[in-house]
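Here is a short report on one protein chain. Please keep the sequence and the 3D view open while reading.

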Amino acid sequence: MSQQQDNAPSGSKRLVFGLLGLGFSLLLFEVLASVVLLHVYRGEADAAAPFDAEPTPFASINLPAWVLRGLRDPAPAADATAPEFRAEIEPDPMVVEHPVLGWAPQPGRYTHTFFRREDPAAPWEHLVTEVTIGPDGARSFGPHDDSAPRIYVFGDSFVFGTGVHDDQTFAYRLQQAFPDHVVKLFAFGGYGMGHAWLRFGMLEADLRPEDRIVLGYADYYDARNVADPARLRSAARFRATRNPETQDIRRTTPRIILENGALSVDYLEFNCRFNAEYCESRSPSRRYKRAVSAALMNDVAARSPGPVWVVHFQGDTSNPVLGMLDDDITVVSALDGDFDGFVRDDIEGFDAHPGPYWHHAMGRRIAGALRTAAPVPRTEP
């Protein structure tokens, strides 16, 4: 046997070296993929995960999935000619600190004005809406009988009706559909299911069996409930682009914690300027966020003396959270595809919040769902 043959690596050695090289290549790709996806996660608005399904623990698998999603559904190009926007509320402030909710509207009558202009040299166009907050902190629709059964509606700015008048909200439509009830709209901008759960706790002692609970739910609530760092970063970007004068406002946000099946709450600084370390931290898993959403809604239903509806108004029809809800909760799907025709208007382009057509359609759909429920006997005062 020649010296050259003696020095040649055996087949087993070549296999070992090949496997080591493959392992090193995969490890390097995993590290690079993790760096790329870290940037992706940080850029996702409202902490929406960049995957259609639950991501695996391996970035080297998740990265191609994200790339394929981008090829299938590319992001729209930025519009360099987009109008300039701003908003004003009179009297100001409308929003105040709240010891339980973090922030809440204070009672009063407000004028909410939206402005836009196509060019810095052009005059501002404006749209004016009237907002009334009652003494109890709910959006108000006039005098009512305190002994009448109540319909409590919880949610965020979509449910609240940012950008529409009091009498254009879907809660007002419910009031018209159920004149023998009192509709109380406990929703507000930036809220999630955690805020609904906390407000429900404040009202629980006064609830009666004939009262009805309507929980607005959108997929993006999952991030809000747990004060996802990506959600806080998204809010910071929104303030910088749409309301730069609010960038130094400090605000406390509740963070819901689910541990061993039990729900609890703590509070964090919402503004990343004053909570940079938390804002830079890693987001909770998507599975955990979904579990928190389901636990919050199930807890409300378990404690409510009357029936509970969950209105799913934005997100994916296959959202697993809906399948995690208890049987005594009635789910009302109110996504765009559930309506016979186009309903997703906005407030005339001044803002992306839904406009009167959406609220009209939502009111009819929710009223129909409430009417199909078995009547609840009224408790005499």
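L22 counts as partly exposed, because its relative accessibility is 48% and the range for that class lies between 20% and 50%. This value comes from a predicted model. L22 sits in helix α2, which covers residues 11-43.

A276 belongs to helix α9, residues 276-279. A276 and R233 are 43 residues apart in sequence, yet their C-alpha atoms are 9.5 Å apart in space.

Helix α6 (residues 193-203) is mostly covered. Nine of its 11 residues are buried. Among them are W197, R199 and F200. H195 and L203 are also on the buried list.

Now the sheets. Five strands make an open, parallel sheet in the order β7-β6-β8-β11-β12. β7 (182-187) and β12 (329-333) each have a single partner strand, so one side of each is left without a neighbour in the sheet. On average, neighbouring strands here are turned by 20 degrees against each other, direction ignored. Within this sheet, F154 has L215 of β8 as its bridge partner.

Two helices accompany this sheet. Helix α5 (residues 170-177) packs on it, touching β6 and β7. The direction of α5 makes about 165 degrees with that of β7. Helix α12 (residues 356-371) lies across β6, β8, β11 (308-314) and β12. α12 runs at about 150 degrees to β11.

The other sheet described here is open and antiparallel, with three strands in the order β1-β4-β5. Its edges are β1 (84-90) and β5 (125-133); each has a single partner strand, so one side of each lacks a neighbour in the sheet. Neighbouring strands of this sheet are turned by 20 degrees on average, direction ignored. E88 stands opposite T113 in β4.

| Strand pair | Sense | Bridges |
|---|---|---|
| β6 (residues 150-155) and β8 (residues 212-218) | parallel | four bridges |
| β1 and β4 (residues 108-117) | antiparallel | seven bridges |

Strands of a sheet pair through backbone hydrogen bonds, in either sense.

Notes
Residues numbered from 1 in each chain as written. Predicted model: local features only at pLDDT ≥ 70, side-chain atom pairs only at ≥ 80, totals over all residues. Heavy atoms only, no water. Buried < 20%, exposed > 50% of the residue type's maximum accessible area, 1.4 Å probe, protein only. Pairing = 2+ DSSP bridges. Axes fitted to C-alpha atoms, helices over the stretch in contact; angles between N-to-C directions. Contact = heavy atoms within 4.5 Å.
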